[in-house]
Amino acid sequence: MKQIALTAALALALALPAQAEDTAPKTGLSLMEQGARLLFEGLMEEMEPALREMEGLSEQLEPALRGFVQNMGPALGDLLEQVEDFSKYHAPEILPNGDIIMRRKSVEDLELPEGEVEL
């Protein structure tokens with residue numbers, strides 16, 4: 001969530017044009033620059049409560065996501081090694097007994113783009 005605040009601050013900094021030369025007279029910000037600055041300050045104030053809530057939510061979800069990755073990561077890696085090309089399979093189906101199957105498409109289901117011939 002700090003990344004979002006950093007991105008917004010960076011966008012604010014980039015919205016204000018840098019002066020080309022130090023010798024240019026300093027007349028202050030133009031109305032457009034002042035308006036852009038006020039707009040970004042207002043957006044930051046409006047977003048702050050939502051960002052704080054998201055930060056709290058991410059802290060709650062982090063342990064669960066880490067556990068999921070630790071448990072499922074190796075299994076997904078094994079699956080990717082066994083299934084070379086997912087386009088050759090239909091969408092997974094869940095059977096009434098809880099099993100999950102992935103049916104291989106038939107030759108008729110594997111359509112070739114027009115003009116190409118399978119050798």
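1. Confidence. pLDDT is the predictor's confidence in each residue, on a scale from 0 to 100. For this predicted protein the mean pLDDT is 76, and 66% of the residues reach 70 or more. The lowest mean, 61, belongs to helix 1 (residues 2-15). The highest, 92, belongs to strand 1. Over residues 19-25 the pLDDT is below 50. Beyond near neighbours in sequence, that stretch has one contact in the model (contact: heavy atoms within 4.5 Å). Where pLDDT is low, the predicted coordinates should not be read in detail.

2. Conventions. Numbering starts from 1 along each chain as its sequence is written, and side-chain values use heavy atoms, with hydrogens and water left out. Because this is a predicted model, local features need pLDDT of at least 70 and side-chain atom pairs count only at pLDDT 80 or more, while totals for chains, interfaces and linings use all residues.

3. Fold. The protein has two helices and two strands. Their order along the sequence is α-α-β-β. Both element types are DSSP runs numbered from the N terminus: helices are H or I with at least four residues, strands are E with at least two. Helix 2 covers residues 31-82. Strand 1 covers residues 93-94, and strand 2 covers 100-101.

4. Burial and surface. Of the 119 residues, 4% count as buried. The classes are buried (under 20% relative accessible area), exposed (over 50%) and partly exposed (in between), with a 1.4 Å probe and protein chains only. The accessible surface comes to about 10,700 Å², and carbon and sulfur atoms hold 59% of that area. Areas come from the Shrake-Rupley method with a 1.4 Å probe; for residues, only the protein chains shown count as cover. Among contacts with a separation of 6 or more, 31% join residues 24 or more positions apart.

5. Nonpolar patch. Which residues make the nonpolar surface patch of about 630 Å²? They are Phe68, Val69, Met72, Leu76, Leu79, Leu80 and Phe86. Met72 lies in helix 2 and is partly exposed, at 34% relative accessible area. Patch residues have over 30% relative accessible area and no salt bridge; nonpolar side chains (Val, Leu, Ile, Met, Phe, Trp, Tyr) are joined within 5 Å, like charges within 9 Å.

6. The protein's count is four salt bridges. The rule asks for a side-chain nitrogen of Lys or Arg within 4 Å of a carboxyl oxygen of Asp or Glu. Glu48 pairs with Arg52, with the closest N and O atoms 2.5 Å apart. These two are four residues apart in helix 2, so about one helical turn separates them. Glu48 is partly exposed at 37%; Arg52 is exposed at 55%. Glu62 and Arg66 form another salt bridge, at 2.8 Å from N to O. They too lie four residues apart in helix 2, about one turn. Arg66 is exposed at 53% relative accessibility, and Glu62 is partly exposed at 38%.

7. A salt bridge at the strands. Where do Glu93 and Arg103 lie? Their side chains meet in a salt bridge of 3.0 Å, N to O. Glu93 is in strand 1 and Arg103 in the segment after strand 2, so the pair ties together parts ten residues apart in sequence. Glu93 is partly exposed at 32% relative accessibility. Arg103 is partly exposed as well, at 43%.
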